[in-house]
Amino acid sequence: MMKVLLVCYGGGHVKIIEHLYHRMIQSFDVTILALTTAGYYLEQKKIPFTRVKDYKSAIDARSIKYGVELSKDLNQTGVQVIPIEESIAYLGCSFRDLVDSCDSEEEALKLYDNKGRSAFFPKKTLHYIIQSISPDIVITTNSPRGERAALCVAKDCNIPAVCITDNVWISAGGLDVAQSNCADYICVITEKVKNELLHHSNFPAERILVTGSPVLDPLKEMSISRKKKPLEQVKILLADCELPSRHPIKKSVKAVEGLDVKIREELNRLAVKNSWDVYFRSHPNHDINYSKYKNIQESNHHKSILKELEDVNLVITAISTVGLEAKISGASLVSIEGTVYRVAGSYEKLGLSTGIKSAHELENAILFELNRKEVDNIQIYAGSAIDNIEKLIKEILR
């Protein structure tokens with residue numbers, strides 16, 4: 001049986017792999033390499049997976065030493081969700097690879113201090129892991145670091161490599177893959193995304209396929225012309241994340257400090273004023289304490305977003321893929337603009353949302369979107385993404 005290796009981080013990335021696993025396991029020998037928080041999610045879903053710590057050939061005395069030291073800085077949440085043995089293995093191996101790519105350990109430390117984990121590119125680690133598994137194909141989503149390293153190793157080893165992107169802007173991973181030519185195929189969700197990649201890279205057109213993303217398939221089935229609820233019955237979802245005042249990598253990119261807190265406080269106030277049902281759903285990588293917001297309800301970010309979106313009128317987010325999912329399902333969208341994440345993309349610039357730059361603009365933006373007669377449809381892929389991607393994989397491996 002042909003071997004498929006699926007590599008992913010947490011958040012929306014692991015959800016793509018979850019859907020793909022259930023289809024691929026019917027025809028292939030499938031291994032999932034779950035990086036950081038992806039393992040916790042897969043555990044809850046009872047889907048088998050491996051972690052970096054399971055590959056002894058990738059771990060040496062140096063990586064253990066580095067991992068023990070770096071894992072001391074982890075907060076309690078990280079230790080709870082990710083086993084400490086995995087934190088030591090992941091951080092240690094990644095930092096060892098960073099040291100080996102630099103002229104000295106001091107240079108690597110400076111890069112890590114400046115960029116954090118964004119400095120990692122654990123290609124050596126992924127080479128050990130891929131050699132151990134010996135897959136016939138490597139499939140990742142569009143996250144950097146470990147996923148990108150897996151694609152590069154696969155290409156170096158002449159193993160077919162496929163990257164599945166899940167966004168409407170190319171800067172969120174797809175462009176780097178295309179420009180570095182580290183995958184054999186790139187799967188995108190719209191023709192517009194494909195054209196943007198072609199415009200900004202020399203990647204072959206025939207190897208960029210508009211397959212869609214498996215997590216979007218169920219949303220396509222929701223009515224785009226859903227009937228709006230009366231304002232007093234409105235349900236609003238904040239797809240939340242921490243909004244830092246300085247970009248973690250591009251230090252010159254700055255934003256308003258405390259904007260995330262001000263948005264939450266304003267929604268907490270508006271929930272009472274307008275009798276709205278307001279839900280806060282944090283990003284899976286962020287554990288945000290909502291206890292002081294007495295007028296809102298908390299959504300479990302480890303549970304499927306699908307049920308939630310069925311009766312949500314409007315979603316508020318910065319650049320979370322939940323915003324895209326809302327538009328596909330027929331809900332309205334208000335986007336938080338002017339954050340440090342503007343370098344990755346903007347729903348407002350794509351014409352998919354009403355954008356705001358401060359909490360004071362929030363109520364008017366929500367009312368504008370709620371009172372629109374129709375929610376704009378988004379032009380997206382044809383057919384079923386899971387069918388489209390399965391067809392591609394079988395063609396590659398035949």
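## Salt bridges across the chain

A search of the whole structure turns up 21 salt bridges. Keep in mind as you browse them that this is a predicted model.

R62 forms a salt bridge with D100, with the closest N and O atoms 2.9 Å apart. This pair ties together distant parts of the chain: R62 sits in helix α3 (residues 61–71) and D100 in helix α5 (residues 84–101), 38 residues apart. K124 also forms a salt bridge with D100, and here the closest N and O atoms are 3.2 Å apart. That link again joins distant parts of the chain, since K124 belongs to helix α7 (residues 123–133) and lies 24 residues from D100 in helix α5. How exposed are these residues? R62 counts as partly exposed because its relative accessibility is 32%; D100 is partly exposed as well, at 39%, and so is K124, at 33%.

## A local pair and a network

Now for a pair within one helix. E310 forms a salt bridge with K307, the closest N and O atoms being 3.5 Å apart. The two residues are three positions apart in helix α13 (residues 306–310), so about one helical turn separates them. E310 is partly exposed, with a relative accessible area of 47%, whereas K307 counts as exposed at 63%.

Elsewhere, R23, D387, E390 and K394 are linked in a network of salt bridges.

The chain has 16 helices and 12 strands. Six of the strands build an open sheet in the order β9-β8-β7-β10-β11-β12, with parallel pairing. At its edges are β9 (297–298) and β12 (354–356), each pairing on one side only. Helix α15 (residues 362–370) packs on this sheet and touches β7 (235–240), β10 (314–317), β11 (332–336) and β12; its direction makes about 155° with that of β11.

## The chain as a whole

What is the radius of gyration of the chain? It is 21 Å, which agrees with the value near 21 Å for a compact globule of 398 residues. Along its principal axes, the C-alpha trace spans about 60 × 45 × 40 Å.

Buried residues make up 54% of the 398 residues. Of the contacts with a separation of 6 or more, 66% come from residues 24 or more positions apart. The chain exposes about 17,700 Å², and carbon and sulfur atoms supply 48% of that area.

Note on methods: Residues are numbered from 1 along each chain as its sequence is written. This is a predicted model: local features need pLDDT of at least 70, side-chain atom pairs count only at pLDDT 80 or more; totals for chains, interfaces and linings use all residues. Side-chain values use heavy atoms; hydrogens and water are left out. Two strands pair if DSSP finds at least two bridges between them. Helices (H or I, at least four residues) and strands (E, at least two) are DSSP runs, numbered from the N terminus. Contact means heavy atoms within 4.5 Å. Axes are lines fitted to C-alpha atoms, for helices over the stretch in contact, and angles run from 0 to 180 degrees between N-to-C directions. The radius of gyration is taken over C-alpha atoms; the globule rule is 2.2 Å times the number of residues to the power 0.38. Buried means under 20% relative accessible area, exposed over 50%, partly exposed in between (1.4 Å probe, protein chains only). Accessible areas come from the Shrake-Rupley method with a 1.4 Å probe; for residues, only the protein chains shown count as cover. A salt bridge is a side-chain nitrogen of Lys or Arg within 4 Å of a carboxyl oxygen of Asp or Glu.
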